[in-house]
Amino acid sequence: MATTTRTKKSARRRQLEAAINYPIDWLEERSGLVGALKYFLFRKVPGDTGWWHTLGSATLTAFLVQALTGVILAMYYKPDPQNAYQSIQHITNDLTLGWLVRGMHKWGASVFIILMFFHMARVFLFGAYKYPRELNWIIGVTLLAVGMLEGFTGYLLPWDQTAYWATVVGINLNGTAPFLGPFLADFLRGGGEIGTETLARFYSLHMLLIPGLIFALIGLHLYLVIRLGVSSPPWSREAAGSDYDDEPATNGRRGLTQPAARSGWRRNGGDG
Amino acid sequence: MTEPQHGDGPHSPGPSLYPIGFAAGIACILVGLIISPKVVVPIGVVIAVVSGFFWARSATKEFRGESVGAIEPESGGPRESAAAPAVPADRGESAMAEPQTGERFPRSRFLEGATLGLGGVIGGLVTVPAIGFMIVPAFKGQGYPKVDLGPLENFTEGQWFVTKFFMHPDAGEVSHRTAYIRNNGALNGEPSFTIISNRCAHLGCPVQPNGPVQDNKTKDLEGKNGQRITMIPAIPAGGYGCPCHGGQYDVEGNRVAGPPVRALDRYEFAVVDGHLVLGKPYSVSHVKGEGKDALIYKYKLTGPGQHVDGWEQILYPLQPPH
């Protein structure tokens with residue numbers, strides 16, 4: 001009797017699993033996306049990674065929060081000199097939860113920048129920028145610079161006295177760069193003086209051009225993280241290349257130049 | 001390399017005309033909504049419902065357990081039958097000729113280059129105007145309008161006025177500018193004015209007079225085209241100071257302390273029909289003397305923080321057109 005029930009149950013379960021799997025398989029067969037996601041999420045990392053290694057994804061999360069809250073703020077913000085300040089007062093004081101979303105965007109901006117620095121400090125102190133990950137360090141530094149540019153362009157948008165004069169100083173600071181500085185300043189202002197063009201220009205840079213660039217650079221950054229794997233902490237006993245301890249090393253980077261050395265801690269198989 | 005072939009099993013559900021009928025019915029409804037909702041729409045509804053019913057019936061045949069007629073797999077394209085493996089392109093009857101030795105530019109290479117080249121041309125045609133549109137307007141049609149600051153009598157001789165005006169009255173508050181103006185009296189029978197811009201020569205913050213500003217004697221004037229001018233008498237005995245980074249200037253705008261790299265900018269002026277008219281701003285390295293006898297070392301308008309004299313001027317050889 002009990003046996004029959006169990007068989008019945010497992011048959012139902014099989015049906016259920018089939019029903020759940022059907023759309024997933026459908027998608028996988030046509031796109032390979034499920035496999036790609038699995039490859040991304042379930043890749044091998046060194047056994048002794050810890051909380052320090054989460055700073056990168058924390059930074060990514062902070063950026064996604066900025067992207068999401070920014071998109072929503074853009075629905076209410078009016079980027080012209082006559083209305084910008086009023087529309088921000090409206091967002092903050094009148095609209096439901098506007099204070100929260102604007103606050104998240106405002107404070108989240110600082111969180112994003114601070115986390116970028118923490119992440120960079122982690123990579124620096126762990127020596128994770130070394131071969132073969134130098135290119136990812138360079139992309140990361142570019143991301144930092146572009147992130148700061150995002151902060152600079154966003155700072156003007158509240159269009160209050162602080163925003164205005166900080167931008168005057170910031171643009172003139174760019175103007176003092178040798179040779180091309182004066183032209184850079186005019187490009188940023190959209191003319192010789194801060195005027196009606198400047199705010200819309202900064203808004204477009206802030207919410208379209210620079211975020212697009214950041215998304216692209218994050219894509220490259222993550223691609224290289226997946227391709228090269230996560231580095232072990234400096235105190236790791238299973239550091240990359242340690243399989244070769246008993247062989248005389250010809251140079252410091254020996255372990256990593258040989259794919260076999262990576263297989264111990266990287267995903268086996270695949271395209272590795 | 002061969003294209004992956006779909007399985008040899010029949011496609012399911014097979015081809016059917018019902019979806020086309022359904023689409024025609026919907027189109028008929030949409031057109032009918034514009035032409036005649038009472039006649040054409042019902043016809044469309046009938047077509048759509050009938051075709052939809054048959055479409056659903058044929059699509060669910062398999063699930064309702066009816067036999068599905070064997071459907072011929074699609075033909076066309078190179079058939080990869082088990083009998084004959086694919087013939088590589090460089091072999092067989094219609095083989096592509098092996099490039100002759102000495103033929104340095106085979107057709108495939110040409111097509112590759114043509115694809116990349118055409119792609120580049122198309123990409124350029126799109127991006128070059130767009131980037132030009134982004135950059136060029138910032139450098140064209142710039143310049144400073146002439147601003148009528150009102151009758152000369154308003155400017156008491158020897159008195160400094162904090163004068164606020166709109167560079168472009170229709171642009172609103174963003175074009176609000178401030179200049180420190182003093183009527184120096186007549187010089188060789190011509191009126192003489194000192195007009196100093198309040199833009200700090202360090203990084204462009206607004207400098208303030210070091211001395212009393214007589215707000216209670218403020219004069220407001222209405223000009224043409226919505227121009228509004230505010231004149232506040234002031235006694236900048238200690239010159240001017242910048243609140244941002246502490247730059248200090250004397251009363252003629254010469255730098256005396258702090259980070260500024262030169263003297264304060266000034267405005268050209270003209271007297272038209274008894275009115276003081278503000279002209280283009282210009283940069284000043286330093287000023288010798290005072291008032292109408294001042295000797296002004298004048299330069300083309302340059303951004304704050306940029307040297308106009310000394311060896312550092314070689315860092316700023318070009319200025320955008322203003």
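This is a predicted model: local features need pLDDT of at least 70, side-chain atom pairs count only at pLDDT 80 or more; totals for chains, interfaces and linings use all residues.
For the complex as a whole, the predictor reports an ipTM of 0.76 and a pTM of 0.75. Chain B comes out with an average pLDDT of 86, and 84% of its residues score at least 70. Residues 1-7 of chain B are another matter: pLDDT there is below 50, and the stretch has 3 contacts in the model beyond near neighbours in sequence.

## Ala24 in chain B

Ala24(B) sits in helix α1 of chain B, which covers residues 18-35. It counts as partly exposed because it has 15 C-beta neighbours inside 10 Å, while a buried residue would need 20 or more. Have a look at Ala48(B) too: it is 24 residues away along the chain, yet the two C-alpha atoms are 7.2 Å apart.

## Helix α9 of chain A

Helix α9 of chain A takes in residues 196-228, 33 residues in all. From first C-alpha to last it reaches 47 Å, close to the expected 48 Å. Still, α9(A) does bend, by about 40 degrees at Leu205(A).

Leu205(A) is also one of the buried residues of α9(A), and others among them are Phe202(A), Tyr203(A), His206(A), Ile214(A) and His221(A). The cover over the buried residues includes α3 (55-73), α4 (84-93), α6 (134-156) and α8 (181-189) of chain A. After α9(A) comes Gly229(A), with a positive phi near 80 degrees.

Methods. Residues are numbered from 1 along each chain as its sequence is written. Chains are lettered from A and ligands numbered from 1 in the order in which they are written. pLDDT is the predictor's confidence in each residue, from 0 to 100. Two residues are in contact if their C-beta atoms, placed from the backbone, lie within 7 Å. Helices (H or I, at least four residues) and strands (E, at least two) are DSSP runs, numbered from the N terminus. A residue is buried if 20 or more other C-beta atoms lie within 10 Å of its own, exposed if 12 or fewer, and partly exposed in between; C-beta atoms are placed from the backbone. The expected span of a helix is 1.5 Å times one less than its number of residues. The bend at a residue is the angle between axes fitted to the seven residues ending there and the seven starting there.
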